[in-house]
Amino acid sequence: MYLIGIKRVSKIEESISLGKALADSLYYLSMVAEKGAQVFASVIGEVDAPVDQKLSKMKTELAIAFERTSLAQGMIEHFNGDEILIGPYVRKTKELLPEIRKSLLLGKEAIDVFPGVIGAKGRKTYLALFQNNMEKRPT
């Protein structure tokens, strides 16, 4: 009986650690979203803020979110999805974590390209051309 109690306590501790890793990841993602809104406001001219600094912080916070998400993915492998109360959430989280990690990596890569696209390092001029493919002889 004593051994069963220890296993249950251990599983509860693992559940709390998993929850903390996921909560940390969400916290850093919320920080990225907040700074992203500030960058957007700066790009459209609503506020004058240093875009490079914000993007640098966003990249750091995305890296931390990725690390915490990776930690959670490793931790969740110790769960089988049949746990009382949390089983359905464990199964769904196991399914979503790989895609979330992939999206975080894409976000980090996009931040590297973003300053050049928005003209943070100098004025940019873009020409957008549209074509009508419904014409008899589209070009």
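Rings of Phe, Tyr and Trp (its six-membered ring) are taken to pair if their centres lie within 6.5 Å, and the planes count as stacked when under 30 degrees apart, as edge-to-face when over 60, and as tilted for the rest. By this rule the count comes to one aromatic pair. Tyrosine 27 and tyrosine 28 form this pair, which is edge-to-face, with 5.1 Å centre to centre and 80° between the planes.

The model is predicted, so that local features need pLDDT of at least 70 and side-chain atom pairs count only at pLDDT 80 or more, while totals for chains, interfaces and linings use all residues. Residues are numbered from 1 along each chain as its sequence is written, and side-chain values use heavy atoms, with hydrogens and water left out.

The charged end of lysine 11 sits over the ring of phenylalanine 79, 4.5 Å from its centre, and lysine 108 lies over the face of phenylalanine 66, at 5.5 Å from the ring centre.

Phenylalanine 66 also belongs to the largest nonpolar core, which has 10 residues in all, including Val32, Val51, Leu104 and Ile111; such a core is a set of buried Ala, Val, Leu, Ile, Met, Phe, Trp, Tyr and Cys residues joined through side-chain atoms within 4.5 Å. Here buried means under 20% relative accessible area, exposed over 50%, and partly exposed in between (1.4 Å probe, protein chains only). The elements that give two or more residues to this core are α1 (2–43), α2 (51–76) and α3 (87–118), where helices (H or I, at least four residues) and strands (E, at least two) are DSSP runs numbered from the N terminus. With six residues, α2 gives the most to this core.

Glutamate 61 is found in helix α2 as well, and it is buried, with a relative accessible area of 11%. Leaving aside neighbours within four places in sequence, glutamate 61 is in contact (heavy atoms within 4.5 Å) with Tyr28, Met31, Val32 and Lys35.

In α3, the buried residues include Leu97, Leu104, Ile111 and Pro115. A kink of about 35° lies at aspartate 112 in α3, shortly before proline 115, the bend being the angle between axes fitted to the seven residues ending at a residue and the seven starting there. Just after α3, glycine 119 takes a positive phi of about 80°.

Notes
A charge sits over a ring if NZ of Lys or CZ of Arg is within 6 Å of the ring centre and within 35 degrees of the ring normal.
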